[in-house]
Amino acid sequence: MSQAQISVWTALRGASISPNLYGHFAEHLGRCIYEGIWVGPKSRIANQRGLRLDVIAALSELHAPVIRWPGGCFADAYHWRDGIGRPEDRPKTVNLWWRQSEPNDFGTDEFMHFCRSVGAEPYICLNVGSGSPREALEWLEYCNYGGESTLTALRKKNGQSEPYGVKFWGVGNENWGCGGRYSGADYAKQYIRFATYLRAFDPSIQLIACGHGPGPAWSHDFCDAMSHADLIDHISVHRYFARGKGAEFSDSEYRSLFGDLHTMERDIQAIDHLLGYFYPDKHVGLVIDEWGVWHPEAHTENGLEQPNTLRDAVFAGACLNLFNRYARRITMANIAQTINVLQCLAHTSGAKMVLTPTYHVFEMMRPHMGAKLLMDETSCDVYETHPAGLGRKMETGFISSSVSLNGKRVFLTLANQTPDIDVETKIVLKDASIATVAGRLLHASKPSDVNSFTEPKKVYPRRIKPEAKKNEVVLVLPAHAFASISITIG
Ligand code: AHR
């Protein structure tokens with residue numbers, strides 16, 4: 001057993017944690033949209049205008065704040081007009097990157113209906129790589145224009161008379177790779193072209209530029225050439241993680257995965273510095289609109305499907321703890337991908353759906369959404385790993401945490417970043433006393449445990465009763481477990 005202490009100051013309040021840090025990403029890839037979200041109105045699977053009712057209920061329960069669509073790499077090869085109008089008139093097209101055929105049954109109006117049913121904001125990623133500013137502008141007109149035009153008449157004909165009011169628009173995806181293989185400076189030229197017209201058409205929208213994949217230098221070159229601060233509201237980065245296989249990994253691979261959070265933190269700090277330097281007079285947010293584990297089992301041929309274990313869930317919790325800690329800069333994050341693909345929140349098989357351990361972490365972390373980040377200080381044991389891409393050893397704490405305040409509730413989430421060591425954790429409120437304490441724990445005997453259609457609740461949160469006195473709470477955080485602690489202050 002190892003010992004740790006987390007000191008918390010309730011008066012030292014930081015930024016509000018945007019609910020959008022708990023956002024999602026759904027791409028036309030494998031069985032994410034088709035089968036996962038959309039089964040069509042004629043399906044025998046329970047649905048509402050073609051959308052799975054079980055998936056709508058699961059995401060509504062999470063208060064899913066925002067959903068990014070239609071990709072991913074799919075976005076820069078997608079032509080939105082293929083996905084509107086009578087289903088029988090829509091073309092069958094080719095899903096270039098994911099080597100599937102695309103029926104176009106799920107398009108703009110279906111996506112908007114999905115977001116509304118779940119209670120989420122839509123976030124559309126535009127086609128820069130193989131599209132044009134005109135195509136992008138017309139999509140914006142179709143979605144957001146309130147006046148009379150041929151496109152708004154088309155939207156009305158398709159069942160939607162009021163504008164959808166889509167706020168978030170991404171100007172391309174991974175434009176250093178599948179989105180056109182631009183250099184940072186060349187993408188800046190494209191970005192300015194697209195953003196000039198989008199901003200002029202609807203000044204209320206928020207525009208999200210693509211940031212680096214391989215390393216922060218690309219983002220630097222983009223910012224250096226993108227001199228029009230008025231055209232940018234957010235910049236995005238993506239980060240995927242893998243150590244060992246999804247459900248077969250050693251203790252050392254468990255630790256290395258958590259060590260790789262240093263690489264994520266390097267990305268966050270690099271963008272934080274770049275944005276502070278290049279746009280000092282305007283707050284530009286960091287959007288991490290694809291993140292999660294991408295195990296070797298997931299490849300194009302199987303639609304990027306992989307096991308989703310307790311290790312992945314605890315890792316998601318540690319990642320979200322990190323995002324909370326940078327709430328002053330991070331404005332959105334979208335785990336990849338909602339259903340069936342990569343670090344999904346649920347798997348489906350025909351009419352059946354099973355929630356992954358990662359789903360439960362999102363549900364357990366809900367009270368952080370919109371709360372104020374609190375200052376905390378953690379002392380705990382550490383281990384050393386070589387984080388991917390950093391070229392040096394770094395220390396990682398046995399536990400990761402984040403703390404927030406909402407009214408009189410102090411809320412903590414804790415991830416045990418070791419596969420094999422229980423940590424007795426003392427939480428000390430430095431400037432407040434405790435009225436009540438409640439806790440929940442997500443744990444199972446092995447970090448490789450998963451939920452399955454036959455054992456859907458193998459990894460499932462249960463209530464715990466931590467010891468509490470005056471201003472201290474003590475709990476044992478078991479190896480490879482995730483916990484949430486809710487404290488009402490007196
Ligand atoms: O999420 C799968 C793919 O990963 C996305 O399409 C792409 O943006 C990223 O490389």
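1. Helices (H or I, at least four residues) and strands (E, at least two) are DSSP runs, numbered from the N terminus. In these terms, Gln337 belongs to the loop between β13 (330-336) and β14 (346-349). A cis peptide bond, with omega of about -10 degrees, joins Ala336 to Gln337. Asn340 is also found in the loop between β13 and β14; it has a positive phi of about 70 degrees although it is not a glycine.

2. The note concerns a predicted model, in which local features need pLDDT of at least 70, side-chain atom pairs count only at pLDDT 80 or more, and totals for chains, interfaces and linings use all residues. Residues are numbered from 1 along each chain as its sequence is written, and side-chain values use heavy atoms, with hydrogens and water left out.

3. The protein is divided into domain 1 (2-11 + 373-489) and domain 2 (18-370), with bounds that come from an automatic or database domain assignment. Their centres, taken over C-alpha atoms, are 29 Å apart. In domain 1, 51 residues are in contact (heavy atoms within 4.5 Å) with 41 residues of domain 2.

4. The second largest pocket holds about 350 Å³ of space. On a 1 Å grid over the protein atoms alone, a pocket is an open set of points where a 1.4 Å probe fits, with protein on both sides within 12 Å along at least five of seven lines; lining residues have an atom within 4 Å of a point. Grid points are joined across faces, edges and corners, and a volume is the space filled by probe spheres set on the points. This second largest pocket lies between domain 1 and domain 2, because both give residues to its lining. Of its 18 lining residues, Glu265, Gly397, Ile399, Ser400 and Gln417 lie nearest its centre. Helix α9 gives the largest share of the lining, four residues.

5. The largest pocket has a volume of about 530 Å³. Trp38, Arg49, Pro87, Arg90 and Glu110 are the closest to its centre among the 19 residues that line it. The lining of the largest pocket divides into five nonpolar, six polar and eight charged residues. Here Ala, Val, Leu, Ile, Met, Phe, Trp, Tyr, Cys and Pro count as nonpolar, Asp, Glu, Lys and Arg as charged, and the others, Gly among them, as polar.

6. Helix α5 (residues 184-201) has 18 residues and spans 25 Å from its first C-alpha to its last, close to the 26 Å expected; the expected span is 1.5 Å times one less than the number of residues. Its buried residues include Tyr187, Tyr191, Phe194 and Leu198. Among the elements that cover the buried residues of α5 are α3 (133-144), β10 (206-210) and α6 (216-225).

7. Buried means under 20% relative accessible area, exposed over 50%, and partly exposed in between (1.4 Å probe, protein chains only). Thr358, in helix α10 (residues 357-364), is buried at 0%. Residues up to four places away in sequence aside, Thr358 touches Asp312, Ala313, Ala316, Ile335, Gln343, Cys344 and Leu345. Ala438, in strand β22 (residues 434-442), is partly exposed, with a relative accessible area of 39%.

8. His480 lies in the loop between β25 (472-477) and β26 (482-489). His480 has a positive phi of about 45 degrees although it is not a glycine, and it is buried, with a relative accessible area of 6%.
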